[in-house]
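Hello,

Here is the structure I promised to pass on to you. Have a look at it, and then read my notes below.

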Amino acid sequence: MTAGGNIGERLMAAGNRHYGHIRATATHWLHAVEIDPSRIDDYPLYFSGGMMQRFLRAMPRGAALVGIFHDKFVRDAAPDRERCLEPLKEDA
């Protein structure tokens, strides 16, 4: 399943049915975790390790679910990656 499909699946489970809204929300969350929104139709299998970590944090956020962040991940995040976690912290 594509990156957008993974996020969209959670949105549909939450009751969203409008394709344009689902795709826009997926694009928003990919951008929020610093993944190029043009990768929405790419398979996460081809993402790098760091990109995969960021993608896994975008998936539940797209459906407005409460995320649980492992303290070690947040505490040990590299300074250049700290800014991509900010939208996720602000939304929690």
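**The core**

The largest nonpolar core has 16 residues, and those with the most contacts inside it are Ile-7, Leu-30, Ile-35, Phe-47, Phe-55 and Ala-58. Helices α1, α2 and α3 each supply at least two residues of this core, and the largest share, 5 residues, comes from α2. In soluble globular proteins, nonpolar side chains tend to be buried together. Please keep in mind that this is a predicted model.

**Two rings inside**

Phe-47 and Phe-55 are both buried. A pair of aromatic rings is described by the distance of the centres and the angle of the planes. The count of aromatic pairs comes to 1. This pair is formed by Phe-47 and Phe-55, with 5.7 Å centre to centre and 85 degrees between the planes, which makes the arrangement edge-to-face. Which other residues does Phe-47 touch, leaving aside those up to four places away in sequence? Besides Phe-55, the list holds Ala-3, Ile-35, Arg-39, Asp-42 and Met-52.

**The chain as a whole**

Of the 92 residues of the chain, 34% count as buried. The accessible surface comes to about 5,600 Å², and 58% of that belongs to carbon and sulfur atoms. Among contacts with a separation of 6 or more, 55% are between residues 24 or more positions apart.

Helix α1 covers residues 3-13, and its buried residues are Ala-3, Gly-4, Asn-6, Ile-7, Gly-8 and Leu-11. Ala-3 is also one of the residues that Phe-47 touches, and Ile-7 is among those with the most contacts inside the core. An α-helix has 3.6 residues a turn, so residues three or four places apart point the same way. After α1 comes Gly-15, whose phi is positive, near 105 degrees.

**On the surface**

Is Tyr-46 buried or exposed? Tyr-46 counts as exposed because its relative accessibility is 61%, and the cut-off for exposed is over 50%. Tyr-46 is found in the loop between α2 (19-32) and α3 (49-62). Together with Tyr-43 and Leu-45, Tyr-46 makes a nonpolar surface patch of about 410 Å².

How values were computed
Residues are numbered from 1 along each chain as its sequence is written. This is a predicted model: local features need pLDDT of at least 70, side-chain atom pairs count only at pLDDT 80 or more; totals for chains, interfaces and linings use all residues. Side-chain values use heavy atoms; hydrogens and water are left out. Patches are made of residues with over 30% relative accessible area and no salt bridge: like charges are joined within 9 Å, nonpolar side chains (Val, Leu, Ile, Met, Phe, Trp, Tyr) within 5 Å. Accessible areas come from the Shrake-Rupley method with a 1.4 Å probe; for residues, only the protein chains shown count as cover. A salt bridge is a side-chain nitrogen of Lys or Arg within 4 Å of a carboxyl oxygen of Asp or Glu. Helices (H or I, at least four residues) and strands (E, at least two) are DSSP runs, numbered from the N terminus. Buried means under 20% relative accessible area, exposed over 50%, partly exposed in between (1.4 Å probe, protein chains only). Contact means heavy atoms within 4.5 Å. A nonpolar core is a set of buried Ala, Val, Leu, Ile, Met, Phe, Trp, Tyr and Cys residues joined through side-chain atoms within 4.5 Å. Rings of Phe, Tyr and Trp (its six-membered ring) pair if their centres lie within 6.5 Å; planes under 30 degrees apart count as stacked, over 60 as edge-to-face and the rest as tilted.
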